[in-house]
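Here's a quick tour of a predicted model, with an eye on how its pieces pack together. Have the sequence and the coordinates open as you read.

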Amino acid sequence: MTATGVESSLLSLLAVFILAAGVGIFVAKVGRFPYTIALLLAGLAVSILGVEVGLELSHDLILLVLLPPLLFEGAATTDLERFRANIIPILVLAVPGLIVSVLILGYIGQFAFGLPLLIALLFAATILPTDPVSVLALFEELGAPRRLSILVEGESLLNDGVGVVVFSALLAIILESGTDPSALFTPEKLGTVGADIVVASLGGLVVGLTAGYAVFRVMANLTST
């Protein structure tokens, strides 16, 4: 998507923002009604009524416009002390946990949906890294243990990056070698994919830490002034 395409999509997002604001006002008037559930119902109603907002989801729109604010808001409101105290289970859930889930769902998906194995794995990598905002809101209402919320929230912060790396690696294999599973399950290809995942993960970590620290310093200076 070009810069013009991104700007056009941002303009189309205004209709979505207006709808979300209207839902927020409705929830504020009604009282104790989960905002995320109200958004879901509003989206379902818009879909049933066939209302067109002129918005076409794309790779750039999701990764450059929608995902960064969600991750930033989640990271900014995370209890860092509790996050560090639970970093081991969070990493286990976000990295090997997500990869195992992708493999399981991909294997089942090839039979359930009649898809080639690599396409089923690609589909699994797309849908498994979910945002738990509705779950966290429900935890808060039910008074769930704080550690459970930290585990779910921390895992969600990391699994998006892992999901993007796994998705990109699978997509590159499919575009290069087709949907034949033998293109993936060879020692050479597994080694190449593993190396690509490690390089992308470490590179993303370095870029994320650098950008995060820069934004943190800017916000700290703005707060102090």
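Let's start with Leu205, which sits in helix H10 (residues 187–224); helices here are DSSP runs of H or I with at least four residues, strands are runs of E with at least two, and both are numbered from the N terminus. With a relative accessibility of 49%, Leu205 counts as partly exposed; the scale calls a residue buried under 20% relative accessible area, exposed over 50% and partly exposed in between, using a 1.4 Å probe and protein chains only.

A word on the ground rules. This is a predicted model, where local features need pLDDT of at least 70 and side-chain atom pairs count only at pLDDT 80 or more, while totals for chains, interfaces and linings use all residues. Residues are numbered from 1 along each chain as its sequence is written, and side-chain values use heavy atoms, with hydrogens and water left out.

**The overall picture**

Of its 225 residues, 24% count as buried. Among contacts (heavy atoms within 4.5 Å) with a separation of 6 or more, 66% join residues 24 or more positions apart.

**How the helices pack**

Two packed helices are described by the angle between their axes and the distance between the axes. The axes are lines fitted to C-alpha atoms, for helices over the stretch in contact, and the angles run from 0 to 180 degrees between N-to-C directions. Angles under 35 degrees count as roughly parallel, over 145 as roughly antiparallel, 65 to 115 as roughly perpendicular, and the rest as oblique.

| Helix pair | Angle between axes | Axis distance |
|---|---|---|
| H5 and H6 | about 20° | 3 Å |
| H5 and H9 | roughly 45° | within 8 Å |
| H7 and H9 | roughly 155° | within 9 Å |

Take H5 (residues 87–94) and H9 (residues 146–177). This pair is oblique, and the crossing is right-handed. For handedness, a crossing is left-handed if the near helix is turned anticlockwise from the far one by less than a right angle, and right-handed if clockwise. On the H5 side, the contact uses Pro89, Ile90, Leu91, Leu93 and Ala94, while H9 brings in residues including Arg147, Ile150, Leu151, Gly154 and Glu155. Sorted by class, the H5 and H9 contact has 9 nonpolar, 2 polar and 2 charged residues. In that sorting, Ala, Val, Leu, Ile, Met, Phe, Trp, Tyr, Cys and Pro are nonpolar, Asp, Glu, Lys and Arg are charged, and the others, Gly among them, are polar.

H5 and H6 are roughly parallel to each other. Their meeting point brings Leu91, Val92, Leu93 and Ala94 of H5 up against Pro96, Gly97 and Leu98 of H6. That contact has 6 nonpolar residues, 1 polar and no charged ones.

H7 and H9 are roughly antiparallel, and H7 passes H9 in a left-handed crossing. From H7 come Leu118, Ile119, Leu121, Leu122, Ala125 and Thr126, and they meet Gly163, Val166, Phe167, Leu170, Leu171, Ile173 and Ile174 of H9. The tally for H7 with H9 is 11 nonpolar, 2 polar and no charged residues.

**Into the core**

Which residues of H7 (residues 117–127) are buried? They are Leu117, Leu118, Ala120, Leu121, Leu122, Ala124 and Ala125, and their cover includes H6 (96–112) and H9.

In soluble globular proteins, nonpolar side chains tend to be buried together. Here, the largest nonpolar core has 15 residues, and Val102, Leu118, Leu121, Ala125, Val166 and Leu170 have the most contacts inside it. Such a core is a set of buried Ala, Val, Leu, Ile, Met, Phe, Trp, Tyr and Cys residues joined through side-chain atoms within 4.5 Å. H6, H7 and H9 are the elements that each give two or more residues to this core. Val166 is in contact with Ile99 and Ala125, leaving aside neighbours within four places in sequence.

Is Asn159 buried or exposed? This residue of H9 has 2% relative accessibility and counts as buried. Not counting residues up to four places away in sequence, Asn159 touches Ala94, Leu98, Pro129 and Thr130.

Ser156, also found in helix H9, is buried with a relative accessible area of 7%. Beyond its neighbours within four places in sequence, Ser156 is in contact with Leu71, Thr130 and Pro132.
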